[in-house]
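Hi,

Here's the structure I promised to pass on.

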Amino acid sequence: MRKLVTSINCATTSNFTIDQKNKNQHIETDWIIKRLPNEFIVQFTEYLNKETRKKYIISALSGYQQTDWKIIERKNPVANLPSDFDVINLSSNILEGAKNALKRQNKIKSVTVHKEVTRNLKFVVPISITDTSKEDFHDPELDEKFHKRKLLRAVPKQITSLLKADALWKMGITGKGIKVAVFDTGLSKSHPHFKKIKERTNWTNEKLLDDGVSHGTFVAGLIASSKECLGFAPDAELYIFRVFTNNQVSYTSWFLDAFNYAIFKGINILNLSIGGPDFLDKPFVEKVQELTANKVIMVSAIGNDGPLYGTLNNPGDQSDVIGVGGINFEDNIAKFSSRGMTTWELPQGYGRLKPDIVTYGSQVKGSNVKGGCRSLSGTSVASPIVSGAVALIMSGAVDKFHYMNPASIKQALIEGATRLNENNMFEQGHGKLNILRSLDFINSYEPQVTLSPSYLDTSEDYMWPYSSQSLFYTSAPTILNITILNGVAVTGHIRDPPTWYPYENHNGHFLNVSVTYSKILWPWSGWMAVQIVSTEASEKFEGIAQGHISLSVYSLVQEPNTGNEKTVKSTIRFPIKVRIIPRPPRSKRVLWDQYHSLRYPSGYLPRDNLKIKSDHLDWRGDHIHTNFKDMYTHLRNGGYYIEVLGSPFTCFNASNYGTLLVVDPEEEYFTEEIRKLKQDILYNELSVIIFADWYNTSVMKKIKFFDENTRKWWLPDTGGSNIPAINELLRDFNIELSDTVLEGYFSMLDHRMYYASGTSISQFPQSNKSIIIERELFDQGREFLQSAPIDNSKRKQWYPILGLLQTDQSFVKINPATPNPPNSQVDDSSNHDEIKNENLLVNKNRILLESDIDQYELQQLQEQSEQDIDLLNIKEPVAKSEQHKSGRIAVYGDSNCLDSTHIDKACFWLLDSLLEFTMTSHLTSLLKNMNRSGKLKFKTDVRPPSRMSDNNLHKYSNILKKDSNFHEKRPIQKCLTLKWTNKNSINVTSTVILHQKDAKYDDLESNANLLRKLESEKTNMVLDESDEEVPNWRNKPSNLVGNTENDYSSNTNITWLKRNKGLPLRRVFTYFVRNRFISQN
């Protein structure tokens, strides 16, 4: 499902006809979200009848003429039933005042923009795998996985037989009595494939019930078709909700009304093969939570934006929803299937595990719109397979029906899933759907609390990226975000802090653990964030450290006989098994700057490559494990250790790292950060590599759009990256980037390169200690702004795009850094009415780590903090030895060649060369031969960019004052420390195995650990006391075959999961929104 999360008022719709000739197709889906002019969803605190809701609105708007506002009538099956919302139209002249008046009414919960969703389905005939007409970049691992010639499994005649549903049919298990809702494009009542179409309802503004697109028919067929291409639960009761028009248009209010009706009808399972892009549509997200609180099991497609990581769709990314990914018939993750992790938590730590489960979604046969069968591919195909399977499971365990809820069904799917050998946790979730195993689990089910994932073992390939880099003393913490599934009750509480139990005889004393968690679990789920660091005692240790975290959840349940309520305590364990290695030399340690990376939906952050029209916004998180995964893999294979900095530059110890890597930063910099970084470069030999992007205020104004809701123009809050901030950071080194926007192909000797909307260098020191490289490029910014074509003879010019500098003591003199740039550096020519976009955040309290929990700080900085060292008062050394080593700086004007999102020509080789320079001071001959330093004359007409004077960066920046429009910086935050969880050391004599369910069910061999692709930390070398004694130290892979010391998966396990028995659950019809962060899809 292609994301296009934007408010641009240019939505296009298309009518679709079904291609009967090409029945083997896959689905490509484009989305456009449009804010409706002056329309708002007014949510109430409870369900009220129509007249009561109207009275509250009239009361709130008593100070305004009734001609200036109107409640929009909704004509659908719930129009006369109690509801918790209304849709209201406000005239432009009362807009802001009326919104505030409504929010002050104590019965009104929120006032939210009403949105229109346009979905463009494209049924595409697959291209032959040998088609190489389009040049593209692929991860070598993906190339091997998707393009290697091998004997292919035949496409099965019936998908149901492949998953053994027919075995259950023979036992009389057919989905009978289970109510399944299909939210899609409708279904014909007379379609020959279906036996039990219980009800069809239309929620659109078209007076139609039939499917005019074919998508809804196909989805319903996989759930319950009884002829030709069979569905999984042929006797399930189908409730068809038509929520999209034939032109593929829908509205938030249509879904809200339809969701309310699903609760009213007592729906058991709700399939959403139409997961959309806008996970910040707050009324939609909260209504999904209300559905699941009422025991509606929601199954949703995870998205078709693979193979990129961090591309999950909503609502499949929500904890209370079963998110489904797709696999092919070779039991490999389909290339189109979106990958985790969830990205919304990234600014505060790390994303959650998603998808939950995967099943077949490639070339699956299902019902066609007028009868017969067709084949489609997509996660919207995989989702109804799981929905049909859940219907089978529920009908096959009637004795346990009172225990079935969104958590217990997800637990059954997770427990039953078969783990795939070739895919990691963020690709496959818990594995491939296994109906028989899940049914076996639910038939013996007792209410319990479980965890997803249920353990951490960094020696398993499955647990990438945790398996890709070992822990060591002074490394950044390993962070794991865990979903707590509470099958006992819809609401649970964590009263007491968790406890850490290190295993003394398994080196657990080498670990410190910090745990944060949601104190309230609702609905059916919560979260626990675990951060693990290696202690000083482990500095030269190499081996495995183990222990477990113990956590208790208290749930209120109702006794079946008396109806009395009682509290049930469920205690769960989270086992931890991590590999520790000796501390690597700083010449192998790279620090990735995550703190200065911002992303949509916080604000309007534009795309990095202006040529890409399909992705208007930068939304994938810019993380080494999402859109920079390929770069991360490349560096790990090169022996580097990459750690993530989630705090200001003042909060890391530069003596631990060789290079700070800053890629595509959008944030500003604290004055203290600028001062600290200069100190580190000149006196701690820290080096810095910066990959920038474009920033030009005229181009930013060009890509503005008009928001009909606020009646104002929206401008980007920054460019591709924040060049004015980068210039301020590097000013003391006489380095400056320009406002030119450049594009084009070029070569660096035998390396073919592509510059995608990058910038140029407008100032750089020219000496025998610097390298400056020019290349001939197009002025894309000029072409972008001019309507008339530019003369080809004048299109390409030479621009400096790469600079390398060996710093020295000549840069000691400080130009005082000022928090507010001079007026001459601020572009205030824009109309103030053009850029007043409002804050797009919902519920900013929903974060991975609670706001009162400290961020990670290294031990050395803890000592400095205790001594109250103020970086502002650090004085420059009066005298320094000429032998003192200073760090190096490398600047390149484009980051798209590292970003897998729209990569054309990867420049990992360039990153290697720059790291060789910054880590060792060695310059490759290629860079030397292209050097123009000392011969270059910078263009006088190329200037640095001005800041946009009136944008909204301050509204969500961690550095700028929120109430200022003039880039005033707030006081810098203190470097806080993690709070270590209480520990109780214990001795464990049993052999510990963390994953055994596949061996239990399938008798699989568990002692053959796959060769890891990133095994560079396995080595017999032990570091000497100083880095200088091992200057060529480089980790190399070791042969794992027959290596019993490293074959950690050969051990077999204690089961850590304790299933706590509970009592039957009551049906809940309450509306309570917990304080939990909703993740990015």
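Before the notes, one cut-off: a charge counts as sitting over a ring if NZ of Lys or CZ of Arg is within 6 Å of the ring centre and within 35 degrees of the ring normal. Keep in mind, too, that this is a predicted model.

With that in hand, arginine 419 lies over the face of tyrosine 462, 3.6 Å from the ring centre. Lysine 796 does likewise with phenylalanine 778, at 5.2 Å from the ring centre.

Now for rings against rings. A pair of them is described by the distance of the centres and the angle of the planes. The count here is 30 aromatic pairs. Take phenylalanine 255 and phenylalanine 284: their ring centres are 5.6 Å apart and the planes sit at 75°, so this pair is edge-to-face. It ties together distant parts of the chain, with phenylalanine 255 in helix α7 (residues 252-264) and phenylalanine 284 in helix α8 (residues 282-293), 29 residues apart. Phenylalanine 255 and phenylalanine 284 are buried.

Phenylalanine 691 and tyrosine 892 make another edge-to-face pair, at 5.6 Å centre to centre with 65° between the planes.

Cheers

Technical notes:
Residues numbered from 1 in each chain as written. Predicted model: local features only at pLDDT ≥ 70, side-chain atom pairs only at ≥ 80, totals over all residues. Heavy atoms only, no water. Phe/Tyr/Trp six-rings, centres within 6.5 Å; stacked < 30°, edge-to-face > 60°. Helix = DSSP H or I, 4+ residues; strand = E, 2+ residues; numbered from the N terminus. Buried < 20%, exposed > 50% of the residue type's maximum accessible area, 1.4 Å probe, protein only.
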